Number of protein chains: 2
Amino acid sequence: MEKANKKFPVLEIFGPTVQGEGMVIGQKTMFVRTAGCDYSCSWCDSAFTWDGSAKDEIRRLTAEEILDELKAAGGNLFEHVTISGGNPALLKNLSELVDLLHSEGIKVALETQGSIWQDWFMDIDDLTLSPKPPSSGMKPNMGILDDIIEKLSKSQYDHSLKVVIFDKEDLKFAEDLHTRYPKVPFYLQTGNDQVHEEKDERLIPNLIARYEWLIDQVMENSRLNQVRVLPQLHTYVWGNKRGV
Amino acid sequence: MEKANKKFPVLEIFGPTVQGEGMVIGQKTMFVRTAGCDYSCSWCDSAFTWDGSAKDEIRRLTAEEILDELKAAGGNLFEHVTISGGNPALLKNLSELVDLLHSEGIKVALETQGSIWQDWFMDIDDLTLSPKPPSSGMKPNMGILDDIIEKLSKSQYDHSLKVVIFDKEDLKFAEDLHTRYPKVPFYLQTGNDQVHEEKDERLIPNLIARYEWLIDQVMENSRLNQVRVLPQLHTYVWGNKRGV
Ligand code: SF4
Ligand code: SF4
């Protein structure tokens, strides 16, 4: 039996805002961003969660303290919380937070790359598995992923696969993944290669052009007939700003 | 017993492209646009389907002929077809097309304003009901909508409500609708007040600003905590162009 009131490393709590990506794109939600990742993707847009640059901002909070801060920031203006990272699947006892949110009638979404299984995956309302393609420099463990997908097939909630695409090699990786797990809703997402660009008028046309490129690639590929192709919508509105 | 091989008034068959709106936003799909509408919304972005301006382009096609044209345009590059209008719910015998597509392993999405019930609604994989808000100049019949929502609650497939928002009065309409049907997934969508603007560099910043306005409105409204807020994504990529 685990001791209750575990503390979790938290970097950001903010919202309400809209989810800009993936299976619940557009959803009104709060965000909790946990610190720490077992990967180090070349193009990580949240590198501050693991590269030491925001080390002094990490706070260790209990589930109750996280809920209090969500309420302080969001008042009565939310019924959905998204947990992101870093990789929140590093946190074995995160069920304490998930259960607490559920007890308040709040739905929970979570994103992880799928490198680690946690039993509380079964309780996440909207679970996004985002295996990293070759351009990231990482190499997913397919055995672990097989196991995760198999377990989730018995979940009562929704899950999906999402792959960020920078180039044709990434697209090949996504094709193989979609073929391997044909029953799992599959999302392709444009990569952002300018995560430090502060000028929206330079960033946004580039992101729209990348989205158009990705659409073109998917349209001409008969192995990708069932997929959904999406941008990171929040970057169109807020550029690379954090905490919105 | 209806005679088979009914003919349907068709204005456009194109794709594959991505669905730019609503519950399956991003989905790779073909489009079939039917002619005719029982409404005449002030801001209709498909007015050519009912205002006579494209009268000479309307063709009367059987379900088989529509499938043939879908295959001619999309080859083996599609497994999803979206039927839009106009109002395709005017077409009593559209089940012939829906059933034919299903028999080919193709999923079917459809959008209608919810002014008319058809039994084949129960067979649509992704059904969007889009009741028109006050700014349209139309007045939805709530009794008919109640009946449609009640029947769809027994469907094995997915359905959702989507409301286009131009102003605060529209938002109030959407709030009331969401409160009336709290269990139905609810989407808010930015209105496009420049459906004839051909310059993307004028159109897109305006659409993004409207999206940001809508997000702000929803974020501060506790009656809209569960909704999803989306733009018309295709306008960011293709502006007001038809047939993409
Ligand atoms: S898995 Fe995610 S958080 Fe971790 S390094 Fe990769 S992109 Fe960044
Ligand atoms: S219901 Fe749709 S197609 Fe008909 S007039 Fe209104 S916006 Fe146009």
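Select A:R33 to start: it is buried, with a relative accessible area of 15%. Buried means under 20% relative accessible area, exposed over 50%, and partly exposed in between (1.4 Å probe, protein chains only).

This is a predicted model, where local features need pLDDT of at least 70, side-chain atom pairs count only at pLDDT 80 or more, and totals for chains, interfaces and linings use all residues. Residues are numbered from 1 along each chain as its sequence is written, and side-chain values use heavy atoms, leaving out hydrogens and water.

A:R33 sits in strand β2 (residues 28–34) of chain A and A:E12 in strand β1 (residues 8–18), 21 residues apart. A salt bridge is a side-chain nitrogen of Lys or Arg within 4 Å of a carboxyl oxygen of Asp or Glu. Strands (E, at least two residues) and helices (H or I, at least four) are DSSP runs, numbered from the N terminus. A:E12 is buried too, at 9%.

Next, select A:K162 and A:E21. Their closest N and O atoms are 2.4 Å apart, in a salt bridge. A:K162 lies in strand β7 (residues 158–165) and A:E21 in the loop between β1 and β2, so the pair ties together parts of chain A that are 141 residues apart in sequence. A:K162 is buried, at 2%.

Move to A:D146 and A:R180, another salt bridge (2.9 Å, N to O). A:D146 is in helix α3 (residues 142–152) of chain A, and A:R180 in helix α4 (residues 168–180). A:D146 is partly exposed, at 30%. A:R180 is partly exposed, at 42%.

Last stop: A:K172, A:E175, A:D176 and A:R223, linked in a network of salt bridges.

Methods:
Chains lettered and ligands numbered in written order.
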